[in-house]
Amino acid sequence: MAKFRTFAVCFTSAILLAGCNQAAQPDKTVQQFMAQDVQPTADIYWKSVQYINEEGGQRDIQPQTDAEWQAVQDAARQLAAYAELLKTPGYAEGRGSDWIQFADSLAEVSKQAEQAAAEKNPEKVFDVGGTVYSVCSACHMIYPTTSGPEAEEAAASLAADE
Ligand code: HEC
């Protein structure tokens with residue numbers, strides 16, 4: 001059963017993310033792992049329920065079919081697996097104990113996210129999605145990105161504080 005579930009997750013993410021083996025690679029940098037695996041998977045979850053205000057009124061997006069709900073549930077389960085991966089030495093080594101706590105929080109909220117999708121409850125998916133986002137942000141506040149415009153912004157704001 002456990003084996004089958006692993007297979008199912010890999011199978012789904014193979015379609016969604018073009019590759020499950022990649023996700024298990026310990027030698028991906030954190031940045032690659034975030035950009036290629038964590039972010040796209042979180043996006044599947046976040047984009048599944050949206051309340052959009054448009055001219056002409058409100059347009060709500062939510063999963064319509066069992067398969068669509070299943071994809072949201074799978075994304076949440078995948079996020080929980082990624083959280084576990086963040087705790088492995090390849091990613092956790094050299095970090096403070098807060099790193100593990102952030103990863104644990106992500107694992108925990110991902111389970112709530114999975115539950116919300118299993119219940120097919122759009123409001124709950126939306127709410128938990130917000131919590132997922134704050135967990136991502138909490139870790140990024142302490143462990144900011146080391147490259148790209150975000151890093152330059154962070155460096156600039158640190159410099160401005162001095
Ligand atoms: C345990 C800590 C931790 C958690 C939790 C975490 N991240 Fe990250 N994330 C990082 C670190 C560290 C970097 C910076 C990597 C670098 O630039 O070296 C990063 C960078 C990123 C980046 C930028 C990648 C790039 O191309 O530069 C994205 C996007 C991202 N994370 C998405 C997410 C999302 C979405 C979540 C939540 C679902 C999340 N992260 C949760 C630690 C974390």
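Predicted model: local features only at pLDDT ≥ 70, side-chain atom pairs only at ≥ 80, totals over all residues.
Residues are numbered from 1 along each chain as its sequence is written.

I begin with the overall layout. The chain has eight helices and two strands; these are DSSP runs numbered from the N terminus, with helices being H or I of at least four residues and strands E of at least two. Their order from the N terminus is α-α-α-β-β-α-α-α-α-α. Of the 162 residues in the chain, 24% are buried. Here, buried means that 20 or more other C-beta atoms lie within 10 Å of the residue's own, exposed means 12 or fewer, and partly exposed is in between, with C-beta atoms placed from the backbone.

Let me now consider helix 3. It covers residues 30–48, 19 residues in total, and spans 25 Å from its first C-alpha to its last. Where does helix 3 bend? The bend, of about 35°, is at valine 38, and proline 40 follows within four residues. Valine 38 is also one of the buried residues of this helix, including Phe33, Asp37 and Tyr45.

Helix 3 leads us to the ligand. Which element gives the most to the shell around the ligand? Helix 3 does, with seven residues. The shell has 23 residues, and the closest are Met34, Ala35, Cys136, Cys139 and Tyr143; a residue is near the ligand if its C-beta atom, placed from the backbone, lies within 6 Å of it. Helix 4 (66–86), helix 6 (97–118) and helix 7 (122–142), like helix 3, each supply at least two shell residues.

Finally, two loop residues deserve mention. Aspartate 27 is in the loop between helix 2 (21–24) and helix 3. Is aspartate 27 buried or exposed? It is exposed, because 7 other C-beta atoms lie within 10 Å. Lysine 120, in the loop between helix 6 and helix 7, has a phi near 50°, a positive value in a residue other than glycine. Lysine 120 counts as partly exposed because it has 16 C-beta neighbours inside 10 Å.

How values were computed: Expected span 1.5 Å × (residues − 1). Bend = angle between axes of the 7 residues up to and from the residue.
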